[in-house]
Amino acid sequence: MRRTVGALLRKELLVELRTFESVPGMSLFAVTTFVVFHFALNRSSVEGDLAAGILWVTLLFAAILGANRLFVADADQGGFDGFLLAPVDRSAMMVAKVLTMLAYLVVLELVAVPAFAILLLGPPLGPALPQLIAVLALGDIGIAVIGTLVGALAVQTRARDLLGPLLALPLLVPIVIGGARATAPLLAFSHAGGVPARWLLTLGLYDLIFGLIAYALFDFLLED
Amino acid sequence: MYGKGLRSLSIVTVAAMALALSLVFFYAPLEAEQGFLQKIFYIHVPLAIIALCGFVVGALFAIAHLRTRDSSWDMRSYVTIHMSLIFAVGALITGSIWAKGSWGHWWVWNEPTLVSFLIVFLLYATYQPLRFAIEDPERQSRYASVFAITAGAFVPMNFIAVRLSTAYLHPRVLGGTSNLPGSMRLTFMVSLAAVTLLFVTMCKYELTAKHTRAQVRALRRRLVGEDGSPARRGRTAVPAVGTQAAGRSGL
Amino acid sequence: MSAVLVLAEVPALPLNEAGKYVAAAYIVLVIIILIYVSIMAIRLSRIERELGELLELSGAPKPEPEPAALAAHQESTPA
């Protein structure tokens, strides 16, 4: 199982490195969105709740863009059929895709968070950085799981570009709630202590539950 | 036979509904804070609870479908989710009316039940478009079941998350169901039972109607031959239903 | 006795603001049910019509036709 996942993961990352389909687009989208937010909100610097909200909404939409493309190559070019023929555990594909999505999100955040800090963020990011990374990591897992599940669901439908975001956004609301609430005190001028544990627990619980569900259900999406 | 027992069920539903409404308007006392407006509570909250349970039951039916590959489970899942969506709309509208009466706004963000309802509604509103976008019936049922299970797990998760996010900010606007005096609790329980029966009756009704339609179509095919019946419906979101006595126990 | 006294004090109908909202909420319930009833009624009439057609078809005398007449009959059956 681990070897299968490793092989699939290598393939995904190789394809991405050669074609640059997803990650540059996602990152560029995020930076552009920050600019749009500046004009839409007419603010030069944001902090606290507002900053957390802008960051998470941008990350969310960029992630959805990436999730949409996750299965397109497989569906259009017979990747599913090829995989089904191989004598391997089918859930390996799910794990590999989640890890791929996670990798995309990490790269996205490596670009987007500094960009955010430079462009829009008022308070300095330094002291809160470790906690921010923890919150982002938890949120990323959830986004990756849901993105993979919804991507697989939507890719076989007719209106896949529309249906993907439509399905993913409500499902990701708890991540937004947990992530934004957890991040808000980190991005405030007055660092009022750390992240309330409540939100980390929410994110963790969400990741666990939907990770298990996606793992159990993914098989059913692959059959022909 | 989906329709078995439908008659007695509907009679019981009517009786329960009549009893519930009488209790609401003639027996339950006026509440101290909100006065007469509080009576909406007896219709809004049961609608909400039943809709949520309906979504979860739809997920359970979907699990049965994926395990047994029997399409009658998919039909039950589809009907239950459909009906729950309608009840959810009812809950949203009555909740909005209540908010308008209490606060003067048609929508309040600090009432967690209402907010998580909106999110759940938005999620399940995609169920039908998802089905409609998949042409192959077997795949449609399968994907719909995966969605139903995911969404069913989402409902309690979402509830928790929204509750947490509003809990420490504002007091609950519309009040909860704890600390109810006895007479109010009785009225609430009866209303809950009545709405549950209404839900089950309507679902059974819907299943029977769909099954009947399928039987008529099968009969037409038998009598007239294959070319007599209209071409297989093109694209549709409705699951196909078998014509054998699929519903052994009715619902 | 006190219950009767209380009832005597309660106004015939609460025509203040709250009454309208409560009425609206319960009317929503009624409308939902009635819309459903009308949808079912439409379906029922459609089924009745189809069954009527099928009854005609099945009750029709067993055709002893030349192939041409049989084909013509099937053509004219609404598809």
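A word on the description. Two packed helices are described by the angle between their axes and the distance between the axes.

Start with helix 3 of chain A, residues 48-68, and helix 8 of chain A, residues 160-183. These two pack at an angle of about 150°, and their axes are 9 Å apart. Because angles over 145 degrees count as roughly antiparallel, helix 3 of chain A is roughly antiparallel to helix 8 of chain A. The crossing of this pair is right-handed. On the helix 3 side, the residues making the contact include A:Ala52, A:Gly53, A:Trp56 and A:Leu60. On the helix 8 side, among them are A:Gly164, A:Pro165, A:Ala168 and A:Leu172. By class, this contact has eleven nonpolar, five polar and one charged residues.

Now stay with helix 8 of chain A and turn to its packing with helix 9 of chain A, residues 197-222. Here the angle is about 150°, and the axes are 9 Å apart. That makes helix 8 of chain A roughly antiparallel to helix 9 of chain A. What is the handedness of the crossing of helix 8 and helix 9 of chain A? That crossing is left-handed. Helix 8 contributes A:Pro174, A:Ile175, A:Gly178, A:Gly179, A:Arg181 and A:Ala182. From helix 9 come A:Trp199, A:Leu200, A:Thr202, A:Leu203 and A:Tyr206. These residues divide into seven nonpolar, three polar and one charged.

Next, the contact between chains B and C. Chain B gives 27 residues to it and chain C gives 22. Which helices of chain B each supply at least two residues of the side that touches chain C? They are helix 2 (41-68), helix 3 (71-103) and helix 7 (182-224). Helix 7 of chain B provides the largest share of that side, ten residues. Sorted by class, the chain B side has 16 nonpolar, seven polar and four charged residues.

Last, confidence in chain B. Its mean pLDDT is 84, and 86% of its residues reach 70 or more. Over residues 244-251 of chain B, however, the pLDDT is below 50. That stretch still has 16 contacts in the model beyond near neighbours in sequence. Where pLDDT is low, the predicted coordinates should not be read in detail.

That is all from me.

Technical notes
Residues are numbered from 1 along each chain as its sequence is written. Chains are lettered from A and ligands numbered from 1 in the order in which they are written. This is a predicted model: local features need pLDDT of at least 70, side-chain atom pairs count only at pLDDT 80 or more; totals for chains, interfaces and linings use all residues. Axes are lines fitted to C-alpha atoms, for helices over the stretch in contact, and angles run from 0 to 180 degrees between N-to-C directions. Helices (H or I, at least four residues) and strands (E, at least two) are DSSP runs, numbered from the N terminus. Angles under 35 degrees count as roughly parallel, over 145 as roughly antiparallel, 65 to 115 as roughly perpendicular and the rest as oblique. A crossing is left-handed if the near helix is turned anticlockwise from the far one by less than a right angle, and right-handed if clockwise. Two residues are in contact if their C-beta atoms, placed from the backbone, lie within 7 Å. Ala, Val, Leu, Ile, Met, Phe, Trp, Tyr, Cys and Pro count as nonpolar, Asp, Glu, Lys and Arg as charged, and the others, Gly among them, as polar. pLDDT is the predictor's confidence in each residue, from 0 to 100.
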